[in-house]
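Please look over the sequence and the structure shown below before reading on.

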Amino acid sequence: MVKLVVTDKDGRDVDVDARPGLSLMETIRELPRSVEAICGGLCSCATCHVLIATDWIDRLPPRRYEERLMLAGSRFFDVARSRLSCQIKVTAELEGLRLTVAPDS
Ligand code: FES
């Protein structure tokens with residue numbers, strides 16, 4: 001398992017054990033006060049929006065065009081931190097990742 005720290009919509013830090021191979025969205029959506037992920041990971045709703053800790057953002061794969069398009073419509077978009085959690089796969093390299101559920105998720 002891969003240890004993550006997720007700050008939920010109430011500002012609480014939650015320790016999460018993530019299974020490699022699942023997406024971040026699949027990992028965190030069952031938490032209380034987390035992402036809604038309405039489209040189920042099809043990159044068509046942006047309700048899985050998360051803000052990645054700044055020291056982690058460059059360690060993630062870059063945003064694809066479709067992800068950039070969806071995030072651009074969010075009023076909480078932060079060019080330095082915003083990602084769609086359904087577009088990021090959990091890998092061992094993410095051990096210790098910190099992220100915050102965006103208010104519009
Ligand atoms: S779950 Fe809809 S865009 Fe990620």
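Predicted model: local features only at pLDDT ≥ 70, side-chain atom pairs only at ≥ 80, totals over all residues.

How many bridges join strand β1 to β2, and in which sense do the two run? Strand β1, residues 2–7, is joined to β2 by six bridges, and the two strands run antiparallel.

- Five strands make up an open sheet with mixed pairing, in the order β2-β1-β5-β3-β4.
- At the edges lie β2 (13–18) and β4 (82–84), each of which pairs on one side only.
- On average, neighbouring strands of this sheet are turned by 35 degrees against each other, direction ignored.
- Helix α2 (residues 65–72) packs on the sheet, where it touches β3 (49–52) and β4. The direction of α2 makes about 115 degrees with that of β4.

**Strand pairs**
- Strands of a sheet pair through backbone hydrogen bonds, either parallel or antiparallel.
- Between β1 and β2, leucine 4 stands opposite valine 16.
- β1 and β5 run parallel and are joined by four bridges; valine 6 stands opposite leucine 99 in β5.
- Three bridges pair β3 with β5 in the antiparallel sense, and leucine 99 in β5 is also the bridge partner of isoleucine 52.

**The faces of β5**
- In a regular strand the side chains alternate between the two faces of the sheet.
- Strand β5 (residues 97–101) has Leu97, Leu99 and Val101 on its covered face, with Arg98 and Thr100 on the uncovered one.

**Glutamate 36**
- Glutamate 36 lies in the loop between α1 (24–28) and β3.
- Beyond its neighbours within four places in sequence, glutamate 36 is in contact with Lys9, Thr47 and Ser105.
- Although 69 residues separate glutamate 36 from serine 105 in sequence, their C-alpha atoms are 5.9 Å apart in space.

Terms used: Residues numbered from 1 in each chain as written. Heavy atoms only, no water. Pairing = 2+ DSSP bridges. Axes fitted to C-alpha atoms, helices over the stretch in contact; angles between N-to-C directions. Contact = heavy atoms within 4.5 Å. Buried < 20%, exposed > 50% of the residue type's maximum accessible area, 1.4 Å probe, protein only.
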